[in-house]
Amino acid sequence: MHLNRGILLSGGMDSIAIAYWKRPSIAFTVDYGQKSAEGEIRAAKRVSELLEMDHHVIDVDCSSFGSGNLSNNSPLSIAPVPEWWPYRNQLIITLACMKGISLGISELMVGSVKTDELHRDGSEKFYSKISDLTEYQEGGIRITSPAIHMDTIELIKISKIPLSMLYWAHSCHTSSQPCMNCGGCRKYLYVLQGLGIEQ
């Protein structure tokens, strides 16, 4: 376990697999007003218990600024994907760093994979730029994205996460219970199928 390393733990497959693989000591889950927050927190809390991570839930209601599937608002015309929320990753990284600096973290991991490059704030270039910004400031927290060159199936195989833990993942974008219709739920089913797991 790495004592000065934290992770943004959304409770989805990617962040759970990275947590198992890299073993940070601290996990942050942000409720920024997304419709799926309760399910994300439930999954992240259970995984944090299993991995003996110190779990912190950060609650900042930004729902009035939301867009698309994750919110109760219509998607903006510039949205690259239905679940896009303006400046979301910048927001949750900043909030996690604000909490993490008081806990002494030197690194914050994020759970993005290569398919997240569909939106700019899921890209390697974005994480490089925001890491430059957080490292420049007091505390010098480095932002890393260990799986940015992998897809989710590759990540799960490399992490060697047991299926019993992976099943805790909450991937739905629209609810705290799986809707089985949104992009997040479809990805969950696709990944399980790709791993040869029958549903």
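This is a predicted model: local features need pLDDT of at least 70, side-chain atom pairs count only at pLDDT 80 or more; totals for chains, interfaces and linings use all residues.
Local features were assigned at pLDDT of at least 70 and side-chain atom pairs at pLDDT 80 or more, whereas totals for chains, interfaces and linings use all residues. Side-chain values rest on heavy atoms, without hydrogens and water, and residues are numbered from 1 along each chain as its sequence is written.

A search of the whole structure returned five salt bridges, defined by a side-chain nitrogen of Lys or Arg within 4 Å of a carboxyl oxygen of Asp or Glu. One of these joins R5 to E107, with the closest N and O atoms 3.2 Å apart. This pair connects strand β1 (residues 2-8) with strand β4 (residues 107-109), its members being 102 residues apart; strands are DSSP runs of E of at least two residues, helices runs of H or I of at least four, numbered from the N terminus. Both R5 and E107 are buried (buried: under 20% relative accessible area; exposed: over 50%; partly exposed: in between; 1.4 Å probe, protein chains only). E107 also forms a salt bridge with R142, at 3.4 Å between the closest N and O atoms. Here strand β4 is linked to strand β5 (residues 142-144), across 35 residues. R142 is partly exposed, at 39% relative accessibility, while E107 has a relative accessible area of 9%. A further salt bridge, between K114 and E154, has an N to O distance of 4.0 Å. K114 lies in the loop between β4 and α4 (124-136), and E154 in helix α5 (residues 152-159). Through shared partners, R5, E107 and R142 form one network.

Two aromatic pairs were found in the whole structure (ring centres of Phe, Tyr or the six-membered ring of Trp within 6.5 Å; planes under 30 degrees apart are stacked, over 60 edge-to-face, the rest tilted). The Y32 and W85 rings are edge-to-face because their planes stand at 90 degrees, with centres 4.9 Å apart. Y32 belongs to the loop between β2 and α2 (37-50) and W85 to that between β3 (54-59) and α3 (88-103), so the pair ties together parts 53 residues apart in sequence. The other pair, F126 and Y127, is edge-to-face at 5.3 Å and 75 degrees.

T29, in strand β2 (residues 24-31), is buried at 1% relative accessible area. Its side chain makes a polar contact of 2.7 Å with that of H55 (N or O atoms within 3.5 Å, one able to donate a hydrogen and the other to accept it; residues adjacent in sequence count only if both atoms are side-chain atoms).
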